[in-house]
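Look at the structure first, then read on.

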Amino acid sequence: MAIYPLVCLWLFSTLTCCLADDLTYVNEFYSKTPQKLSKYSWFGNVRLYQFSVPEDAVFVRWLLTVIRGSGFNCENQNIAVHFRAGAPPVIDPILTAFPNSTVVSLAYNLTLTVRSGQVNNATLFNVTQPVPGDWFLAAHLPKDDGKIEQQGLPSCSYMFQPQMYVRRAVDTPIMMANIPLTQTLTAPVKLAHLKVFVPEFSSKLDSQLKIQACSVEGVPVSDCGLLVTLGSSSLGQSSVFTTNCSGVKPCTISISNPPWNAWMQVTVETSRPNVTATFSISASSTVGCKPLSIPSDFNSSFSVVGPSLGASTNNASSRPGIAPTGAASNTSEKTCLWNPAMFREDQDVLSVRFALPNGNTSVASQFPTVLTLDLHSTTDSGGVLTVQLDLNTSSLTGAFGSVRACLTSSAPVLQLNISQSCDTAFVQGYSLEVNSSETKALLRIPFPDAALWYLSLQTICNNSDDCANASAAVAVSAGLTACIDDCGPHGECRLLRTQSYLYAACVCHAGWLGWGCSDSKNALPFSQQLSAALLLTLSNLLFVPPVVVALHRAYHVEAAVYFFTMFFSTFYHACDQPGVTVMCIMDYDTLQFCDFLGSVVAVWVTIICMARLQEPVKYVFFMAGTLIIAMAMQLDRRGLWNLLGPVLVALVTMVTAWVYRAVKRHHCYPPTWRRWVFFLIPGVMSALIGVCVYTFAQTDANYYYTHSIWHAMVATSVVFLLPPREVHMPPWGWPAKLCGYRVCRSQKEELYTVT
C-alpha cells in the first residue's frame, strides 16, 4: 500500500513542473485513516471525509485508494465517491423522493471499480484552481441488497482511503482596484495567477486585459491566444467565467453579483506554444448600493429578542405605512437597500434560530430588503437550513401583487423581478413567493454551504400606476435544524460524527425512505407490521415445551434458563419493531443484552447437560460459562465467537464425557439406538436447519419469517436433545408423597428411608 503515495508523488511532480513561473509554489500533503465501506441504505452508511484546501491553492490532486479485504468469489465491485466544497455532499443513490419544499443540488460523483481479479484500485482525481475552504468526500458501496451478513464470517470487504496533495502559491500578485498590473508570460511558462478582493455590497466586478506585446520565438504576432478566467472550481455549475482575449483590442469580462468579502482567483493562460506575451490587467468593483448607516447607540438600533420567538402584532413593522427600526423614515434620506440586523441564537448542536428584533419586516417595492443569515461556521453545514415566509395580509398597501424572495449564499440578489432568476455569479439561488392567496412559503436546504446566506425580499407590483407606494409586512422565520421535520413519524434523527465534524441524517423505519423519511413507495402497511411483530414475539412461545420437558425431567436450572430466554426474546422483539407496533417494557439496550445472553447460555447449558456431568462439576460449568459469555456479550454482542466459542467448548466437553463412558463401559454411548434415531439425530438436524436459516437465508425483507423459523428450530432441538431424567429422580424432581414426613435419599445406594 505504501507504493501508491510514492507513485502519486512522482506523477504530481511531473505534472506540476510545467506550471512553474515566477511565483513561489509549495506542496502540502494530507491523508485520512482508511475506513471500511458499507452498502448504502441511508446517509449513515456513508464514509465522510473532510479536507481543508488552503488559500491560493492552484492545484489539488486526490489519490483514492480502495483495498479489497479477505473474501472468496468476489465479483466486480463499484464504489461511489462524491465531492463537494463547503458542505457535505447531498446524494441520492437509491432514487428516493425528497420532502416537499426541499431543494437540493446533487453533488459531483465518480465511480471506482475493483475488478474480480484485483486486490486494490488507485485512482487520481484532479481539480485546478479549487475553491479554498473545506472539501468533503463521501464514499459508499452500491444500494444495500438487504442481505443480513453475520459478523465474523468471510465476506468481500472494502477499505477506502483518500489522500490529498496541494500545490499552493505563496506570493500571488494582488490586483488593486483600477490599477493596471503588468505581467509577462515567457515560454515554458503558460499560466499567470492573480487575485482580487471583492468588497461587501459590490454589485459588479469588471476585469480588463490589454496586450502590450506578443511574439512567438521572437517574431511579433497579433494573436497570443490568451484566456482569462475568473473564479475557482467547485465542481458545480457556473463556478468560473472565461473570456478569450485573442485579438489586439482590450477585452473585458464582467460579473454581476460577485461573492462579497472574498478573494477571487484570476488566471491568464495562453494556448500557443513558445509564446512571450506582456499584458496589463486591471479590475474594479462597482458598489452601486449601500444601506444607511445605523446609529451608534446599540439600544436604539437593536432590541434584544427574548426566549420566545412569537411575533408581535402590535409592533411598528406590522402596521402598514410605518417603517421598522433602522429603516429610512426620513424622506430626505435616499436609500436603495435595507439591511436590518438578524438575531442569531445557538440553541444546541445543529440547532440555530434567526429572528428579527420586531418579528416582521417591511418589504417595499422601490428597493430590496436583505436579511443576513450567518452560517459561516463549518459546524453549521451539517444540518438543514429552513426559511419560512408568512405574509400579513392586513398590511398590504398600494398596487401590491406579491412578495418575491431569493435565498443565496456569498452574495445577495439586489434586483428582484418576475423574469430574473435568483442565481448570482457563481451560486445557484432559491426562490420563494407569497401573495394574497398563498400567504406562506417554505424552503428547506439540506447541508447548506458554510457561508453567509442572504435572503432578499422585494414587493412586486401588479401594475405600474401605484407601484411606488406598494409594500407589505412579512414575518420571516429561519433557522438551522438537524434533520428535516425531525424525520417525521417514520424515522429517527441521528447525530453522526467524522473526527471532530458533526452532521445529522435520518434513519427510516418500516420501509420508509428519503432524507425526511417521507418516501412511502416501499413502506410496510400496518397489517404487515402487526403480523411481523406477532410472528417474532409469539414464536418464542415455542420455548414453553422445552421449559415443561426440562421441569418434568428435573432439570430446574435449565428450565429457568429457557424461561429467561423466552421472556426476554419476546419483549426484545416487541421493542425492536421498525414501525408503530412497538412495546418496550424496559430500556432497549437492556432487552437486547438479555436476549443475546439468554440465547447463548441456553445453548451452553443444553450441551453441558447432554454431557451428564456430576452435579458439582456441572453447575461449575454452568456458572463459569454464563459469566464468560456475559463478559463477551458486553465486549461485542454480535461477534461470531460469542456463540461459536461456547458451542465448541461445550461440544468438546460433551464428546470427552461420552468417550470416557464408552471406553469405561465397553459400549457405545448413548447405549440405545432409539436414543440416536428418535432424539439425537432429529435434534441435531433441527439445530442445523436453524443455524443455516439464521446465517445464510436472512434478509431485511424476510427477517420476520426466517427469524421466527430460527426460534422454532432452536426450541424443537432443545426438546429432542435434552437428556432423559436420572433413574433415581422422580418426575418434576419431587418425591411422589411428602405427607408431612422428611424424605431422605441416598444417591449412592438409590435407597429411600423415612424417619
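Q: Is Lys440 buried, partly exposed or exposed?
A: The model is predicted, and in it Lys440 has a relative accessible area of 48%. Exposed would require over 50% and buried under 20%. Lys440 is therefore partly exposed.

Q: With which residue does Lys440 form a salt bridge?
A: The closest N and O atoms of the pair are 2.9 Å apart, and a salt bridge needs them within 4 Å. Lys440 lies in strand E27 and its partner in strand E24, 50 residues apart.

Q: Which parts of the chain does the salt bridge between Asp380 and Arg344 tie together?
A: The side chains of Asp380 and Arg344 meet at 3.0 Å, N to O. The two residues are 36 apart in sequence, so the pair ties together the loop between strands E23 and E24, where Asp380 lies, and, on the side of Arg344, strand E20.

Q: Is Asp380 buried or exposed?
A: Asp380 has 4% relative accessibility. Buried means under 20%, so Asp380 counts as buried.

Q: How many nonpolar residues are in the lining of the largest cavity?
A: The largest cavity holds about 60 Å³ of space. Among the residues that line this cavity are Val384, Phe447 and Trp515. Its lining has no polar and no charged residues, and the nonpolar count is 10.

Note on methods. Residues numbered from 1 in each chain as written. Predicted model: local features only at pLDDT ≥ 70, side-chain atom pairs only at ≥ 80, totals over all residues. Heavy atoms only, no water. 1 Å grid on protein atoms, 1.4 Å probe; cavity = no way out; pocket = protein on both sides within 12 Å on 5 of 7 lines; lining within 4 Å. Points joined across faces, edges and corners; volume = space filled by probe spheres on them. Nonpolar A, V, L, I, M, F, W, Y, C, P; charged D, E, K, R; others polar. Helix = DSSP H or I, 4+ residues; strand = E, 2+ residues; numbered from the N terminus. Buried < 20%, exposed > 50% of the residue type's maximum accessible area, 1.4 Å probe, protein only.
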